[in-house]
Amino acid sequence: MLELDNINKRFRLKDAKQSNQLCADDPRVSGRFFYALKNVSINCKAAEVVALLGANGAGKTTLLRVLSTALAADSGQIKLNGQEIKQNKLKYRKSIGFLSGTTGLYARLSGYENLQYFSNLYGLDKAQGKVRIDTLIKKLNMQDFIHRRFDDYSTGMKQKVAIARAVLHNPDFVILDEPTTGLDIRAREVILNFIETLKNEGVGVIFSTHDLAEVERLCQRIYIVEQGQVRFSGDIQQLMQHSQSDSLFDAVLQHMEVAHD
Ligand SMILES: Nc1ncnc2c1ncn2[C@@H]1O[C@H](COP(=O)(O)OP(=O)(O)OP(=O)(O)O)[C@@H](O)[C@H]1O
């Protein structure tokens, strides 16, 4: 099980102007600090898909970055199978895969060369790496473009390679920040199927999304994050009961305090 336990994270604002610009009435702004996460606890088990929902700016990316160790929390713990990861961050990083908003892939290499490069970096030997890359090429339907230059790719192609990169080393848990945002329906379908495959292989997946159809299709449990705090955690049925609603859309909206356009 992967757990975030009682996480707090604040950002120092550059100046008073930035605090005013952020939003004068945002309760997360206090003095020169922006309290982005407050006492946040979430978890994900093996072979489970968990979604993070919440408005723009709610804190989902910050939360996922903390979970991936890309960002250090001010307090709280990350635990893998009950063990705090503090002493063993390197081992933890080998157990997780992280897809962030930026691909971190090389524009002048092909998708294939990028995957070879990262497979080498992850310590897979050449033969192992080839087998793994070939499997991912098939699963993510990348045969038609994988040998072309990365900077010629569409958004969907880039995202597929970025996801392949995140799971090259066969992690136990995968953290995906908005994996399908901006993709056409075909690329989206491939990625949703891939998440289902990961789950069936026993991998735990935590992902953020704004798409409720994805949530209904993939998730056992959801967390609704608002203004840096978890407002709901549970399964979809519990959310509906809690909200006395038969529409997932209405039920989620009820847990978002802020009005959105
Ligand atoms: N380095 C930083 N300094 C100050 N504030 C920050 C910093 N990074 C993020 N924030 C603020 O923290 C809040 C949460 O941002 P975050 O990107 O985690 O939201 P999100 O839920 O992922 O939003 P979206 O759905 O738009 O991706 C935002 O208000 C953002 O402006």
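Q: At roughly what angle do the axes of α4 and helix α5 cross?
A: This is a predicted model, where local features need pLDDT of at least 70, side-chain atom pairs count only at pLDDT 80 or more, and totals for chains, interfaces and linings use all residues. Residues are numbered from 1 along each chain as its sequence is written. Helices are DSSP runs (H or I, at least four residues), numbered from the N terminus, and axes are lines fitted to C-alpha atoms over the stretch in contact, with angles from 0 to 180 degrees between N-to-C directions. The axes of α4 and α5 (residues 126-139) come within 10 Å, and they cross at roughly 135°.

Q: Is α4 roughly parallel, roughly antiparallel, roughly perpendicular or oblique to α5?
A: Angles under 35 degrees count as roughly parallel, over 145 as roughly antiparallel, 65 to 115 as roughly perpendicular and the rest as oblique. The crossing angle is roughly 135°. That makes α4, relative to α5, oblique.

Q: Which residues of α5 make the contact with α4?
A: Residues are in contact if their C-beta atoms, placed from the backbone, lie within 7 Å. From α4 come Tyr112, Leu115, Gln116, Ser119 and Asn120. Their partners on α5 are Gly129, Arg132 and Ile133.

Q: How are α4 and α6 oriented to each other?
A: Helix α4 (residues 111-121) and helix α6 (residues 155-167) have axes 10 Å apart. They pack at an angle of about 15°. α4 and α6 are therefore roughly parallel.

Key. Helix = DSSP H or I, 4+ residues; strand = E, 2+ residues; numbered from the N terminus. Contact = placed C-beta atoms within 7 Å.
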